[in-house]
Amino acid sequence: MKTLKVAVIGTGFIGKQHIEAIRRIPGTEIVAVIDNNEKMARSVAEQFFISRYYKDYKELLANTDVDVIHNCTPSAMHYPISKEVIKSGKHVYCEKPLTLNSTESEELVKLAKEYKVAAGANFNYRQNAMVQEMNQRVMNGSIGRLLTVYGEYMQDWMLFDTDYDWRLDPKLGGESRAIADIGSHCFDTIQFICGKRITSVYANLTTVHTVRKKMEKTDGTFSAATGKVLEEIPIRSEDMAYIMVKFEDGMQGLFHVSQVAAGKKNAFKINVCGAASSLEWNQERPDKLWIGHRDSGNEELYVGAQYMTGEAKKYATLPNGHPVGWADALRNGIHNFYDSIQNNNYINQNQNYVTFEDANYIMKIVEACLRSNQSQKWEDVLQ
Ligand SMILES: NC(=O)c1ccc[n+]([C@@H]2O[C@H](COP(=O)([O-])OP(=O)(O)OC[C@H]3O[C@@H](n4cnc5c(N)ncnc54)[C@H](O)[C@@H]3O)[C@@H](O)[C@H]2O)c1
């Protein structure tokens, strides 16, 4: 095993979280950060004591001393940058959604296989200890035959018509916004918990603000804008959506996603009802799992390896009573990705992190939602 040299492209909100997560993984060294905003690249390099920074990622690709690249840029840059990273023979860990459409994501899957590099996507919620526990309990049959699933992912950072972010520009964020941005997390998490795929959807999308005001000053993801109104911008992408889903075995489920729900910050909740009992997890209380029964008292399980099941025990990384949460889940996925590189088994399709292949399928679900909103009918996820 050797120390893997790492670079992070895109040093905004999530790029900095990747830097912190990578620093917690043995056998890694962050050698460079890249941001096309050079001031940002320099300041993050200084803040995290990283020796090199670049404005243009192409300069980095020429360097042979980098093994792994994290692509934390806005969604439109995921395809072109990941493509070049793969072609340079380096491993890539890319943010979600994998690309702007499935033509691009399909190509990345093929390229990663051709160039034999590890290719992971950051759908981080399945890496939470209690989501792992849900998966174990569904798979070992202890909650009984699955009857239905329900999920909601609500935020409020797009509530006002003065809220503006690159995600609102289809050229940077894609045709879908709330679904591609947060609905995609719902799809990945539920498919992981249930061990089966969503195969058709019926989606109803709503754009609350069809015109938004771009303000003079914004501090990036999740922050409110201030100053004068610079421009009024017509908006096509959805602020919220209801999505009914059918799985490959006919089971149904429902999801509600919204970025205009006052008071809701990162309120992702997922519920799985079985014939014997139900499970519910709330990402804002990540170390707890609600277990519902019909004929006995309901339970709340606190994270702790000794009370958990099978592989999920490994995700309770702290002693009982020490909460694990969002940052730990991010680290877990990235850690699993690095393990597959160190153990040279990243070619296997079944990984304990989200592969480009998995993320490509999520793109296809997002596209089926857009088609369904147009047709107002059930639409199959195109395989
Ligand atoms: N997994 C998660 O939970 C999660 C959470 C937030 C964001 N994300 C994803 O991460 C990505 C980035 O989101 P964010 O919220 O960090 O955005 P952000 O705007 O905070 O940061 C993006 C950074 O990328 C830089 N950038 C833009 N184009 C670039 C280029 N060509 N080369 C180098 N740098 C470039 C920008 O200057 C900025 O600093 C998005 O795709 C988003 O969907 C994932």
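Mentor: We will go from the domains to the ligand, then to the sheets and the helices. Keep in mind that this is a predicted model.

Trainee: Let me begin with domains. Into which domains is the chain divided?

Mentor: Read the residue ranges with care. Domain 1 is 4-125 + 332-352, and domain 2 is 126-325 + 363-380. Each domain is therefore written as two stretches of the chain. Their C-alpha centres lie 24 Å apart.

Trainee: How many residues of each domain are in contact?

Mentor: On the domain 1 side there are 18, and they touch 24 residues of domain 2. Look for the elements behind that contact. Helices α5 (102-114) and α9 (326-342) each give at least two residues to the side of domain 1 that touches domain 2. Then look at the classes. That side has 8 nonpolar, 9 polar and 1 charged residues.

Trainee: Now the ligand. Why does it lie between the domains?

Mentor: Ask who gives residues to the shell. Both domain 1 and domain 2 do, so the ligand lies between them.

Trainee: Which residues come nearest to the ligand?

Mentor: The shell has 26 residues, and Gly-10, Gly-12, Ile-14, Glu-95 and Thr-221 come nearest. Helix α1 (residues 13-23) gives the largest share of the shell, 3 residues. By class, the shell holds 10 nonpolar, 12 polar and 4 charged residues.

Trainee: Next, sheets. What is the strand order in the sheet of 7 strands?

Mentor: The order is β3-β2-β1-β4-β5-β6-β17. This sheet is open, and its pairing is mixed. At the edges are β3 (52-54) and β17 (354-355), each pairing on one side only.

Trainee: Where do hairpins come in?

Mentor: Follow the chain from β13. A hairpin of 2 residues joins β13 to β14, and these strands pair antiparallel over 5 bridges. In that pair, Ile-270 stands opposite Trp-281 in β14. Another hairpin, through 5 residues, takes β14 to β15. Strands β14 (residues 277-282) and β15 (residues 288-293) run antiparallel, with 4 bridges. Here Glu-280 stands opposite Trp-290, and Ser-278 faces Gly-292.

Trainee: Last, helices. How do I describe two that pack together?

Mentor: Two packed helices are described by the angle between their axes and the distance between the axes. Take α5 and helix α10 (residues 356-375): the angle is about 170 degrees and the axes are 9 Å apart. That makes α5 roughly antiparallel to α10.

Trainee: Which residues meet there?

Mentor: From α5 they include Ser-102, Leu-108 and Val-109, and from α10 they include Phe-356, Met-363 and Lys-364. The residues of this contact divide into 6 nonpolar, 3 polar and 4 charged.

How values were computed. Residues numbered from 1 in each chain as written. Predicted model: local features only at pLDDT ≥ 70, side-chain atom pairs only at ≥ 80, totals over all residues. Contact = placed C-beta atoms within 7 Å. Nonpolar A, V, L, I, M, F, W, Y, C, P; charged D, E, K, R; others polar. Pairing = 2+ DSSP bridges. Near = placed C-beta within 6 Å. Axes fitted to C-alpha atoms, helices over the stretch in contact; angles between N-to-C directions. Parallel < 35°, antiparallel > 145°, perpendicular 65-115°, else oblique.
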